[in-house]
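Here is a short note to read beside the model. Please keep the sequence and the 3D view open while you go through the points.

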Amino acid sequence: MLKEFKKDTSVDLFIIGGGVNGCGIARDAAGQGLSVTLVEMGDLANATSSSSSKLFHGGLRYLEYFEFGLVRHALTERETLLKVMPHISWPMRFVMPIYPKMRFDNMTPTSRLLTMFMPWMKGRRPAWLIRLGLFIYDHLGGRKILPATSSLKLAEHSVGRPLKDKFHRGYEYSDCWVQDARLVVLNAVDAAAYGASILTRTKVVSATRHPTFWEIKTEDQITKLCKTHYAHTIVNAAGPWVADVLGQILRVNSAETVRLVRGSHIVVPKMFNHDQPYILQGTDGRIIFAMPYEDEFTLIGTTDVDHDADPRNVECTTEEIAYLCNFMAEYFTEEITPNDVIWSYSGVRPLYDDGVSDASAATRDYVLSLNTEGAYLLNIFGGKITTYRVLAEDALAKLGHDKTWTKGAPLPGGNFEWNGAPEQTSKLLASYPFLSQDWALRLIRNYGTLAFDMLGKAKHKSDLGIEFAANLTETEINWLCANEFARTSDDVLWRRTKLGLKMNVHEIKAVDQWMIEQERS
Ligand SMILES: Cc1cc2nc3c(=O)[nH]c(=O)nc-3n(C[C@H](O)[C@H](O)[C@H](O)COP(=O)(O)OP(=O)(O)OC[C@H]3O[C@@H](n4cnc5c(N)ncnc54)[C@H](O)[C@@H]3O)c2cc1C
């Protein structure tokens, strides 16, 4: 009798973790007709998935680790993803200045090989090798839309202007930008549209494993109310907490573990007046990016440091800020100091522990580990934003659900051509002439064609209710709460949008107060 009851009330899949991997799996599974519950202890994308470098990329530097499989996988995905989310993702041409002093990380297999056969290079990364790497990068992943690598004479090109005079040559190559937190949220929105139950601020606190089903206890992080759920299969997509959930909450013995590697970014006022990002090689063998960010800023990162503390307590240290500022000083004429940093963020990469000694060298590929000693448990280790969709396909195939469907299916609002954002912006402006060009573009870049639904019958700006600051209106906040699981001002200002960057403390407080009052009423 008990068994039958569980059979009737169990969902097929209970997913722990509302990051990109959990939400990607929820969407794919719900679209295949499975019953799905996803629980997230904080807001969607509150952890690693909103703290990335925000790139759909193959990861040029992983070629030096001979991770050809990962790079090919990721490169192939770039264009697939760009086509299904042309609102939140767009191509970028990365500028790589070349300078003879740039060195390898001496732990990479490529560096070791070069040291063996060309010892006179003394760890330097030669330009011909970079060109070879970019050639492989161009040809490994079935590139059709994105333009190939080309050489740059920096003295004759606008991208050379902010750089120091010593940089004469460089290359430019393609990768794509993605609004990482929006990617997560839109996957959750689509999962819900297919019937998945998405529970935020809900933490899994314990679970009991039966032969054919799981009994799972969750605690609402606001009301502290507990609830019991039943599921045939658990997917543990808890990112940096994957090993804790496995050992302490699900109480499953496993030798598998995760290596936590912190990466930090800083945001400074715009350092250059063009839309191309830079990839910079350091004298320590590392690379960092300096990228145009939210119109008015430059985003710089990342670092790579082993992280031993709780993944919740992750912040950019003063050492990391100094490191990034010093790195930039090698390249740019305009110096930045820690005082220029407007905002910083840090995330913890949950890398599968493959036993290598160096944080930069740990594999970025994902490992899916299925445990069948009772009701099924699938643990997700590692992964990248770029590979979240194929990870979801592989995860579901491992569980016997292989009706793949997400490859050509646009995310909500992404039903237009990969390069159609300017046209959509013009259409939005034509329908809502009271918007400014920047405002319309921001709405298309966040909501795509759903911006029309959000603005509805508005004829005047005043029809959108209170305008807080940075063109954030009552209508937009209401939309985010009603359709995108937003509950607090942080959810709105720092994840579903990045408008917090453009507001002062008083304006942020006003949004916060207003949302608290709305929740109460
Ligand atoms: C600095 C940095 C830069 C990066 N840049 C890139 C990049 O440019 N491109 C790229 O492709 N990849 C990048 N990555 C990698 C990518 O961001 C991660 O691989 C990815 O976001 C991991 O997603 P996730 O869903 O596994 O984890 P998370 O996003 O961390 O999600 C796990 C979630 O599980 C929740 N959770 C944990 N325990 C519980 C519980 N008991 N109950 C309920 N919920 C729970 C957490 O709150 C969390 O939200 C970067 C990573 C870092 C750190």
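1. The ligand has 40 residues around it, and those that come nearest are E40, S49, L55, G383 and T386. A residue counts as near if one of its heavy atoms lies within 4 Å of the molecule. By class, this shell holds 15 nonpolar, 19 polar and six charged residues. Here Ala, Val, Leu, Ile, Met, Phe, Trp, Tyr, Cys and Pro are nonpolar, Asp, Glu, Lys and Arg are charged, and the others, Gly among them, are polar.

2. This is a predicted model, in which local features need pLDDT of at least 70 and side-chain atom pairs count only at pLDDT 80 or more, while totals for chains, interfaces and linings use all residues. Residues are numbered from 1 along each chain as its sequence is written, and side-chain values use heavy atoms, with hydrogens and water left out.

3. Which atoms of T386 and of the ligand lie 2.6 Å apart? They are an N or O atom in the T386 side chain and an oxygen atom of the ligand. L55 uses a backbone N or O atom, 2.7 Å from a ligand nitrogen, and V20 has a backbone N or O atom 3.2 Å from a ligand oxygen. A polar contact is a pair of N or O atoms within 3.5 Å. The protein buries 97% of the 1,000 Å² that the ligand exposes when taken alone; accessible areas come from the Shrake-Rupley method with a 1.4 Å probe.

4. The second largest pocket holds about 750 Å³ of space. A pocket is an open set of points on a 1 Å grid over the protein atoms alone, where a 1.4 Å probe fits, with protein on both sides within 12 Å along at least five of seven lines; lining residues have an atom within 4 Å of a point. The volume is the space filled by probe spheres set on the points. Of its 29 lining residues, W90, P292, E294, D295 and L441 are closest to the centre. Helix α11 gives the most to this lining, with six residues; helices (H or I, at least four residues) and strands (E, at least two) are DSSP runs, numbered from the N terminus.

5. There are 19 aromatic pairs, meaning rings of Phe, Tyr and Trp (its six-membered ring) with centres within 6.5 Å. The F94 and Y173 rings are stacked, because their centres are 5.5 Å apart and their planes at 25 degrees; planes under 30 degrees apart count as stacked.

6. G301 and T302 are joined by a cis peptide bond, with omega about 20 degrees. T302 lies in the loop between β14 and β15.

How values were computed:
A polar contact is a pair of N or O atoms within 3.5 Å; within protein, one must be able to donate a hydrogen and the other to accept it, and residues adjacent in sequence count only if both atoms are side-chain atoms. Rings of Phe, Tyr and Trp (its six-membered ring) pair if their centres lie within 6.5 Å; planes under 30 degrees apart count as stacked, over 60 as edge-to-face and the rest as tilted.
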